[in-house]
Amino acid sequence: MVRGKAIFGVAASAFLTTAPAFACADSTCSPNWSLALADLSCSSQITLSPGNDTRVNLLLLKQQMIGGTVPNASYPAEDHWSHFGHNFFTWDDLQSAYHIAAPSLSYSDMMEIPYYGTRCASFSAGAAAFQRALAANSSLGESERQTLSAARLGMESVCAGSRTTWESNADVNPTPNFAPSLVDVKSKTGKAFLSYLTGAAGFYSGEWGKALDAFQSLTDTSDPWLRETANYMVARTELGAALAPAFDKWGYFQGTDKTDHAAAERGEQALANYLSRYPQGTYAASAEGLMSRAYWLGGKQSELAQTYQQMFAKGAMDVSTVNLINEIDNKLLLDDNAQNAIKDPMLLAARDLYQMRNAEYSAAPPLTLEQIEQQKPIFAKQPELFDYLLASHEFYIGKNYANVLQRIPIDTATAAFTPLDFSRQILRGMAMNEMGASGTEQFWKGMLGRAQGLYQRPTVELGLALYYEKKGAVSQVFADASPITDAMVRRRLLTYSASAELLRQQASAKDANRVEHHFALWTLLYKDLAVGAYDAFLQDYKMMPNDLAKDGEFTLYESIYAPDAPLSVLVDGETSNNGWNCPGLIQTISTLAGNSRNISAKLCLGEFYRLNGFDHFSFGEEPLAGELGGFVPGYAANRQAIRGDIYSSVIADRNATRDERAYALYRGIWCYARSGYNSCGGKDVPESTRKAWFERLKGEYGNTVWARELKYYW
């Protein structure tokens, strides 16, 4: 990691711009609502886990190193449709929660910064330093000083158009329009400054040989600024030359096996020489940080790992640690040789967990239990971390849950969990859940009071809820004085696992949780309609509250994540609009309760769905087996009253009136406008059938308004 600021050279962040090796940044997806995260997904959890973003694991291990607590941590602000609750988070979320996030720049902000992400990013700062050096050198005459100053300002043509983030030869003018004149500069000092400008122009344009010759000629020159800066720039130039061959013709980095290892070696030596001559120099911090880059470009993974180990052990939880973790993630952990190169227990633990992912989600070969056991000397001072890695392998790969319990005993003494303490106990609880072990409920309840860190208590509640659901005891989550209070855990169970009776219980509960009552009632009423339980709907509708005005913004989009249930649509949603003439929803449902085959009422239910966005409504992504909400079926969730099926049934019904059938044909065809795909749900109708519908509408019902309006079928 580059910790200092170079005056001439590449922006310090330029070699950190590759995408994180193990991250997934899709903020719109839903997490896997399980504690056993074996695969990389869009979210992480607060335990050390194979499925976490590797950077999250590294940050948790850093937290462990500094004592386990993060002062003033707080849950990040949630957007209107947060899918993670307080159980899961992204890498960016965790940085925000710990208040160590680096300021982010938008694309437009980046474009406002001259030469952002390129070698030329330092152009302006370098120009200012050059001018100061000119002013400080008394041996220069005023004419020479002005000539050199103008030449430095004119060098910007080298950087014109530079926008790429990598140091390839193509990112600036390969033939720069810059040639410093010797005519008016005749003194020895002036010619030295001219040589420096030649080197700087070569560096900015990627002409490494030209730059190197110029800088090397100045490493013992008399001017102190030129001398120090030239020594530093020799190293930067060699590293630029080392990186350049690794880009293909499209500008994509091909890996360190394509870099110039000899140039990287020379760059490493040049950095060492600079630090030897200038241990407190202007560029000392940058040179120290660049050593890791030299090792990376030279394929020296052991030296790189050792450098990162030393850097990772220093410092507090701050932005510099985040930057270092990003660099380690990019430059070390993905490498095939990392397993053998890393000798630090914290970095090796992150790599081991990565190799425990399902093979589909890991570029590294699967890790064996024997390989972990051979690492025991490295973990000599971290025995609990070593045991955790062994137990994680037993859980995720071996599926030997009894062995997990043997490796991780119950901890009843710890008053507040560190990340490792917490991870160990959660893993034990996961194994107990899998086994259905006696004492599992008491185990989870015993952890609740001690789970004081951010995200910890919701994680324990999730473990207990998973235990209850797997046991078939979802109602215990909603029992009086239940310790499970996490809103998203409870919502998922109400959505996917609660029976109609449990939904009614929560909809009519007398406690103060108004938001949950409304959500339970919404879920109940929606499912009543979906399965055609019209009598039940009319009875349950009597629980409709009178304070719906407080529900805020109305939308049906994945209502499991909405802050308030969209009950108001069932009260004042549209029922008729330039289509079929319909009464209010309650009258329509009352008609269907008396006769579920009433054709006009069925069409009116279809109108209600159409006008209020129900066609593709869902509570969210359906849970998989083993996820919260995926163990037991709740109130029947298979929709029967779907618009597409309503129209098909009316078209086929011999009792349909002329207008009823004509309207059903019209709407049934419109379900496929204009893409040819079904937008109404239900079984797809082939194009040949839609063509027959269209011809029938135009022929038998040609004098209806719907036949006259429809011009195509899709």
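Visitor: Where does Asn72 lie?

Guide: Asn72 lies in the loop between helix 1 and helix 2 (91-97). Helices are DSSP runs of H or I with at least four residues, strands are runs of E with at least two, and both are numbered from the N terminus. This is a predicted model, in which local features need pLDDT of at least 70 and side-chain atom pairs count only at pLDDT 80 or more, while totals for chains, interfaces and linings use all residues. Residues are numbered from 1 along each chain as its sequence is written, and side-chain values use heavy atoms, with hydrogens and water left out.

Visitor: Is Asn72 buried or exposed, and what is its phi?

Guide: Buried means under 20% relative accessible area, exposed over 50%, and partly exposed in between (1.4 Å probe, protein chains only). Asn72 has 69% relative accessibility, so it counts as exposed. As for the backbone, most residues other than glycine have a negative phi, and most peptide bonds are trans. Asn72 has a positive phi of about 65 degrees although it is not a glycine. Lys399, in the loop between helix 16 (383-398) and helix 17 (401-407), also has a positive phi, near 55 degrees.

Visitor: Which residues does a cis peptide bond join?

Guide: A cis bond joins Ala673 and Arg674, with omega about -15 degrees. Arg674 is placed in the loop between helix 29 and helix 30 (687-700).

Visitor: How many residues of helix 27 are buried?

Guide: Eleven of the 13 residues are buried, so helix 27 is largely enclosed by the rest of the structure. Among the buried residues are Ile599, Leu603 and Phe608. The elements that cover them include helix 23 (514-530), helix 26 (585-594) and helix 29 (658-670).

Visitor: What span should helix 27 have?

Guide: The expected span of a helix is 1.5 Å times one less than its number of residues. For helix 27 (residues 599-611) this gives 18 Å, and its end C-alpha atoms are 18 Å apart, which agrees. Just after helix 27, Gly613 takes a positive phi of about 75 degrees.

Visitor: Where is Gly630 found, and with which residues is Gly630 in contact?

Guide: Gly630 is found in the loop between helix 27 and helix 28. With a relative accessible area of 26%, Gly630 is partly exposed. Leaving aside neighbours within four places in sequence, Gly630 is in contact with Glu469, Pro623, Leu624 and Ala625. Gly630 and Trp33 are 597 residues apart in sequence, and their C-alpha atoms are 9.3 Å apart in space.

Visitor: How many helices and strands has the protein?

Guide: The protein has 31 helices and zero strands. Of its 714 residues, 56% count as buried.

How values were computed
Contact = heavy atoms within 4.5 Å.
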